[in-house]
4 protein chains.
Amino acid sequence: MFTWPVRVYYEDTDSGGVVYYANYFKFMERARSEWLRAVGYEQDVLAHQQGVIFAVRSAAIDFLKPARFNELLHISAAVTHMGRVSLSFKQQVSRMIKGDDSELLAVGQILVVCLEARTFKLKLIPSNLKKDLQSAG
Amino acid sequence: MFTWPVRVYYEDTDSGGVVYYANYFKFMERARSEWLRAVGYEQDVLAHQQGVIFAVRSAAIDFLKPARFNELLHISAAVTHMGRVSLSFKQQVSRMIKGDDSELLAVGQILVVCLEARTFKLKLIPSNLKKDLQSAG
Amino acid sequence: MFTWPVRVYYEDTDSGGVVYYANYFKFMERARSEWLRAVGYEQDVLAHQQGVIFAVRSAAIDFLKPARFNELLHISAAVTHMGRVSLSFKQQVSRMIKGDDSELLAVGQILVVCLEARTFKLKLIPSNLKKDLQSAG
Amino acid sequence: MFTWPVRVYYEDTDSGGVVYYANYFKFMERARSEWLRAVGYEQDVLAHQQGVIFAVRSAAIDFLKPARFNELLHISAAVTHMGRVSLSFKQQVSRMIKGDDSELLAVGQILVVCLEARTFKLKLIPSNLKKDLQSAG
C-alpha cells in the first residue's frame, strides 16, 4: 500500500495542542498527489497537456486519536473503486512509534472526480492514466 | 437557522481557481463557533472555567459547486442530534447572489464531542450549556 | 484609519497556544482587501474587467505580543506611499480589550505591486483607482 | 548550507495560480525545524525536558518570482547571528530546474527568540544547544 510521510509542524497544530482537524484533509491530498506521481503522472502536466484536473467531490474522515506537534505521520492512499470519471480512495493516518510500529489516528474516504480543466465539467479519466492506475493496483 | 457570513480571500483559494476543499471545514467551524457564541458561550471561558473543550470526531462534506475568490458565502449550523457527550451538526455552504437569493455549494455532517480539556477524555456536556442549547433549538 | 475585525479561531492558532505567525499575514491581507472594497473596488471585477491584480512584493512583521484563541483582533490598513505601480502599507494588529481599549500586538510593512493579470508583468495602477485611493486618503 | 525540499501542493497555492505569499513563511519554518533536527534537537523534547520553545519575533520576505503548483522548492536556513536569547536566520526559497540548476524565488530574514515554554518570557538559549549550533556552523 502506498504511504507518504508527513511531519507535523506548528503550522499544522492548533491551540488544543493537536493537529487541526481540517489539516488531515491536506495531508491526505499530499499522499494522493504523491501516489499519482509514483504511478508516473504529474498533475501540472496532466492539466497542461491533457486538460485534465482532479477535484474532490466528497470527503469524510473519522478522527480516532489526535496527532501532535513534531510527530512523524504516515498517510496511506489506496483506490477502492475506479469509475469512468471518478476515483474512490480509502486513506489512513498513522503515527510512527518505536520499533517500526504504528498507531492508527484517522481514516478517510475521499471521492475524486476527473474534470475538464477549463470548464470544470466531468470528463472521462484518460485511458492511458486509467490503464496505469489499474496496473498500479 | 443560524448562519455566519464568510468572505473568500486569496488565502482560501487554490490554483484551480476555487476554494480549496479542506477550507470548507474551517468555514464550518467558524459557523459552529459563532453559533455557540450566539447561544452565550465563549469557548475560551468554557475551557478555563469548566475544563471543557469540543473536538471534531468525524467530518464529512459533499461538494456540489465550487466557491470562488471574493464571493460572499453563508455558512449554516444546525444541531441535528444532541447526545450526552456529543453534538451532531448539519451545515450548509451557500453563495449569496443578487436579490437575496442563494445557491447551495456544499453540505456537511460534523460530529463534535465534549472532552475534558486537560486529559482529552470524553465528558458530559455541562448541564447549563445543554439546557441553553436545547432552548436555542 | 481603516480597520477590519478578525476573530481568532482554532484554525489560526498553533500548539504554542497562540496565533501562528504566518497567519498574521493572512489577517493583514483580509484588511487590505476590505479596505479596497470600502474604496469601491472588488478585486475579482478588477481582474476580469481591467486585467489587473495585486501581488505582495515584500512583507515584514514585528511580533510584539501573542494573540490567543477566541480573541477579537482589529487589523488596520493605511497606505504610506503610492507609486506608479506599487502601494506601501503600514498595518497594525491590535487586541480589543474592555472599555474600547486596545493593545498593539504586531506591526507590518507590506509592499504591493500592480500586475497585468495574465502575464504577471508590472502595470500602472489604473488612473481611476489611483484617484479614488488618493481621495480615500 | 542546510536546505529542505518542499513540494508545492494545491493547499499552498491561490487562485492567482501561484504559491500564496503567507505560505512561504510556513515553508521557511519547516526548514528551520529540520535544521534544528539535523543538529540533533527535537522541539517537543526541548519543550518538555528543558522548558524551552522558539518563537518568531520578526519576519520579512522579499518575493522575487512566484512559485507554482507541483514545483519542487528548496528552502535554505542559515544562522547569521546568534545572541544570548535569539537567532537570526537568512533563508532562501529556490525552484529546482533541470540539470541541478536552481532559480531564486524569495529571500527571508527571520528573527527567532528563545522563550520559557510556560510563561513566554525571554530565556537564555540552553548552553548545550548553543554549543551544538555553533559547531554546526
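Chain A and chain B share 10 residue pairs in polar contact, both residues at pLDDT 80 or more. A polar contact here is a pair of N or O atoms within 3.5 Å; within protein, one must be able to donate a hydrogen and the other to accept it, and residues adjacent in sequence count only if both atoms are side-chain atoms. Keep in mind that this is a predicted model: local features need pLDDT of at least 70, side-chain atom pairs count only at pLDDT 80 or more, and totals for chains, interfaces and linings use all residues. Residues are numbered from 1 along each chain as its sequence is written, and side-chain values use heavy atoms, with hydrogens and water left out.

**Who supplies the chain A side**
- α1 (23-39) and β2 (52-63) of chain A each put at least two residues on the side that touches chain B; helices (H or I, at least four residues) and strands (E, at least two) are DSSP runs, numbered from the N terminus.
- β2(A) gives the most, with eight residues.

**Salt bridges**
- The rule (a side-chain nitrogen of Lys or Arg within 4 Å of a carboxyl oxygen of Asp or Glu) finds two salt bridges across the interface.
- One of them pairs A:Arg57 with B:Asp62, with the closest N and O atoms 3.9 Å apart.

**Strand to strand**
- β2(A) and β2 of chain B (residues 52-63) run antiparallel and are joined by five bridges; strands pair if DSSP finds at least two bridges between them.
- A:Ala59 has B:Ile61 as its bridge partner in β2(B).

**Extent**
- Chain A and chain B each bring 21 residues to the contact (heavy atoms within 4.5 Å).

Key:
Chains lettered and ligands numbered in written order.
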